[in-house]
Amino acid sequence: MPPLLNPTSYTPPPFLELGTAPMDTAKTAASRRLLSIQNHTNPLPQTNDGLVLVLPRGDKIFANSTTHAKGTLTHLRLNKTHIVDFIVLKDISLSFEVSSIGTRYEGAAHHIPTTNVFELSTPKESGIPKRIEIADFWATVYALFTLYRKHEHIPLVLVGVPNAEDLTHYLSISGLGRLSRGTNNGEIAKMVLFLSRAAFWQGAGTTGYHQQGWLLTPTPTFPSIEAFTRSDMVIASHPLRPPKPRPGEVLYRRYCAAIGKCLEFVAFDIGKPHSDGGLSRHMAAFHKWHNDERINSAWGERGSLETHRDYVNNVLADPGVLPIMMCWDGDLMGYVEIVWAKENHVAQYYPSGCVVGDWERGLHVLVGENKFLGASELWLRSLVHYIFLADYRTDRVVGEPKQSNIAILKATQAAGYHIQTVGFQYIYNDEANVREDLRFPIQEVGLVAEPKKQVFREFGSSVLIVLPRLRSDNSGEQSPKWTTMRRNMQSIIQNWKASQLSVAIDFDAAMLGPPKNGQPLCP
């Protein structure tokens, strides 16, 4: 089984041009963690032209702000069209309370942060306020959560918007916003809708409403129908899996403003054999990468073109595996296999008491191009985001990197992950040396998992790490190699434990990498 991530060292890639970031100057893991949180939650600085973000289909949102008697006034433009204005009211703030509403404790929960109310209006045309379309309204919400990165909820009031009733219904029925039920803040509280960052990143208000979301070809939820897999490595009952996307179909797109590049996930296109020996781009890259020593040392799939074509055909024929290619602005960067964990042999190595979910998925990843090594947290978090969006029933994503792959653990730390060690699992098999096809018993691996609850509710992420016990030879003595490896792992885990803070990180900033000159990599 290939590891979760292929790089053997963690080095910022040339295309990032990181310079000297605060995290590089930190003396301890704890201080690096503090700096990471600070950088991830700082407001996103606008560019000289006011660019805030680029939407998945290429439209751009610009903003410019001025001082207003009631607070800060900001104009938002979609490309060249002025779509909305909003004022952050300096004298009115509300907190999002739930369980205390209607009790004598309402308003007394001082630990709940208060947020200034946002008053949103639309520009006038011939003296009459314009309507705002649902797609443009979602883009506005995207811009608000991008500009105000520390806000878990944004209290919003629609003022003078002709279709305010339709927008309120849209927010409520999609779960993207909730009406305030507070009674202690007068009439203003009854008009407020609280926008939810957690709901936004789960794709609320996208599929079925407009085509602006990160999933370029969203599909309806596939029904839950019983199915069964029986192979040399797995015997499992599980839900029937949906058909795979069309070859070459762009599944997910996300723009990273700080590096000015677009990250795409594309369904693998094996193409057809050509009489002139021509290959599809995907197949040519796959063949080239697996004959590179760096890749082969991790995946062990060096071979001829026909061998690799057979490998990919087998993967494409397996309902439990979705092969995709990762791209930066169309430039092929890496290969991913997204598996359904229940019918994958990884499920057999879950620790006791850890139940494999019906819709749980796993990742096998390689970075094929050397120029893209070292920025794994940019696309790793986006892969998890894509998986959770693709099927809302998926509540955990797992991987099994080699225990020696310190790079992936450092990458998760740089991405703002919360780390939890849950125990050690012994997976060595006496027959390992004769069962070459069973990768798990012949390599030391860790099981990493990212629960959905942590990603969307706490805006960071959680990685469950299961570390195997050390191997021993026939005499029972532990190998010096594994002793050193375990010492390294324990050092990293101790650093993580020392740096744990009960602070919610902005999901958007945390998912897209380390700071660039003190700024978030991506909106």
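Which residues have the most contacts inside the largest nonpolar core? They are Ile-61, Phe-137, Phe-200, Leu-363, Trp-379, Leu-383 and Tyr-386, in a core of 68 residues.

## Basis of the model

This is a predicted model: local features need pLDDT of at least 70, side-chain atom pairs count only at pLDDT 80 or more, and totals for chains, interfaces and linings use all residues. Residues are numbered from 1 along each chain as its sequence is written, and side-chain values use heavy atoms, with hydrogens and water left out.

## Confidence

The protein has a mean pLDDT of 74 (the predictor's confidence in each residue, from 0 to 100). A value of 70 or more is reached by 65% of its residues. Residues 416-444 have pLDDT below 50. Beyond near neighbours in sequence, that stretch has 84 contacts in the model (heavy atoms within 4.5 Å). Residues 458-477 stay under 50. Here the model has 88 contacts beyond four places in sequence.

## Nonpolar cores

A nonpolar core is a set of buried Ala, Val, Leu, Ile, Met, Phe, Trp, Tyr and Cys residues joined through side-chain atoms within 4.5 Å. Buried means under 20% relative accessible area, exposed over 50%, partly exposed in between (1.4 Å probe, protein chains only). In soluble globular proteins, nonpolar side chains tend to be buried together.

Leu-383 belongs to the 68-residue core. Another core, of 20 residues, lies apart from the largest one. Met-283, Val-315, Val-321 and Tyr-335 are among its members.

S4 (residues 81-95) and S5 (residues 114-121) pair antiparallel over 7 bridges. Val-88 has Phe-118 in S5 as its bridge partner.

## A buried glutamate

Glu-264 sits in strand S14 (residues 261-267). Is Glu-264 buried or exposed? Glu-264 counts as buried because its relative accessibility is 14%. Its side chain makes a polar contact of 2.8 Å with that of Arg-253. A polar contact is a pair of N or O atoms within 3.5 Å; within protein, one must be able to donate a hydrogen and the other to accept it, and residues adjacent in sequence count only if both atoms are side-chain atoms.

Notes: Helix = DSSP H or I, 4+ residues; strand = E, 2+ residues; numbered from the N terminus. Pairing = 2+ DSSP bridges.
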